[in-house]
Amino acid sequence: MPVSSPSASNALGSTYAAHEPLSRYLSQGLFDDLGTTTDPYKRASDTALLTILADFAGWRGPSNPIQDVRQNTTAYDAAIRRENMQRMREQFDALARQANRADFAVSVFPLVEYIRHTLNRIADSPKEGNTREILRRIRDSLIDGGWSQYKEQRARSTAMAILKYLSEAEVVTPQDVVKCAGQMRSAEIRFTGIPTFDFDEERDDFDGEKYDEEVSD
Amino acid sequence: MLTKNPDRVVVHFAMNFMPQIKFQRLLSEAAESAQDRLESKLWSYGPQVYVLRDMEKRLAAIFGHNRFGFLGLGLRPWMDEKFEYAKILTGAIQKLGLDEIDSVGFKIQAFLPLGMTFVEISKLMFGSFVVEGAQLEAVCGKPTDVLVQLHGLYNGLKSITVVAPQNAEQATQTFMAIPNLEHLIEPKFLDTGLKDFRDRIAMDCLYVDIDLTMEKVAPDAVYDFTKKSFGAAEEIAEAVVARLKRLPVKKVIK
């Protein structure tokens, strides 16, 4: 029974019916306006208030009728990442059939678009920074003429091996960024516009999690 | 997956057999022999059925004229003592003088927390257990919830697997609909065992119901079934979660 209800009292009434103290607050109509606004900022503050209210009432479950305004959970983001990587891998695999075409660049275009789409999809995920870092490096190796490298089986296999790892890993760690960078370097995959390829945490545009940072489970 | 969440699992084990005309005499003997081995002081009798209860382990053994079974709140006792329980039930069957059991079944109902919201779990069901939601819009509008029931043959066992995302309310309803739960609390007006379990599972979760059965089984084969069915249930639950989370499924089934 998912989300978006016209009245928070009704929605909460059914979702939290099992929890007596919380139901009691709601039946008094004290929070009738919660969750009814379309203003995203107000909805976000409603969510925060509901979370505090639920905590106060000792409710253990995360169910929340207006949870669609919340950020995705890290477990969900990881599942989405694995799904997208699997599809990306299939696209890389399909490149083999196009490798001898004069207009090979055209074949690469949907792949680059899909990487961009995936980057957008996981852009807000706090625990997918390392994935984004790896994906940007693959994307940068494909653009501005870099696509020609992927005519070679070796480059494609390397990218597919990296994507296979990303499609199966529970968590992508900073060590994985280093490992993937090493694999790409060994396969002599170059990056357009980036002269060096060092894993540097201090870089201004570094997006991966730091070594000592906690990662998602 | 089940063994990692033992306190969110309800366990059922049952043996069905042909009732006999002399059941009234034999049933009491069978229940008595089981009571000795279970060391169960609490028992009750209804029409054609004895119930032995162990409140510490939240377990009830039910002996009817055509069916013997176990119901357990939490997986732990079954994990630790399943073979002993199977032996007790088989011993009771032998007291009835039966040399064949019509069917034996093991079923678990698990409310697995995945660290995801109900909406997220629902979205992930599409593209893993059913086709992408967009392809079903002509059938039901934009899909918001799903329940999948699959029948199969898993390593020689008939299987029925039900998978569904659930929110707190749905999990509570599913749990409260399980029959015979009242046998698992004592004293009835004060024991909070069921409420505690409900509070634990009343959250966004993945509901997995796995039912494994085998037909025409000799009493001696119940031990093997117990072992096989427990392993199979764990593997299936693991595979269900892996599939939903787009993780590689390790086991390939014959």
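Which pattern does chain A follow, read along the sequence, and what can be said of helix H8 of chain A?

Guide: This is a predicted model, in which local features need pLDDT of at least 70, side-chain atom pairs count only at pLDDT 80 or more, and totals for chains, interfaces and linings use all residues. Residues are numbered from 1 along each chain as its sequence is written, and side-chain values use heavy atoms, with hydrogens and water left out.

Read along the sequence, the pattern of chain A is α-α-α-α-α-α-α-α; its secondary structure comprises 8 helices and 0 strands. Here helices (H or I, at least four residues) and strands (E, at least two) are DSSP runs, numbered from the N terminus. Chain A has 217 residues, of which 47% are buried, meaning under 20% relative accessible area with a 1.4 Å probe, protein chains only.

Helix H8 of chain A covers residues 174–186. Buried in H8(A) are Pro174(A), Asp176(A), Val177(A), Cys180(A), Ala181(A) and Met184(A). Seen down the helix axis, the buried residues of H8(A) fall within an arc of 150° (taken from the directions from the axis to the C-beta atoms), so they line one face of the helix. These buried residues pack against helix H6 (129–142) and helix H7 (153–168) of chain A, where contact means heavy atoms within 4.5 Å. After H8(A) comes Glu188(A), with a positive phi near 60°.

Technical notes: Chains are lettered from A and ligands numbered from 1 in the order in which they are written. Buried means under 20% relative accessible area, exposed over 50%, partly exposed in between (1.4 Å probe, protein chains only). The expected span of a helix is 1.5 Å times one less than its number of residues.
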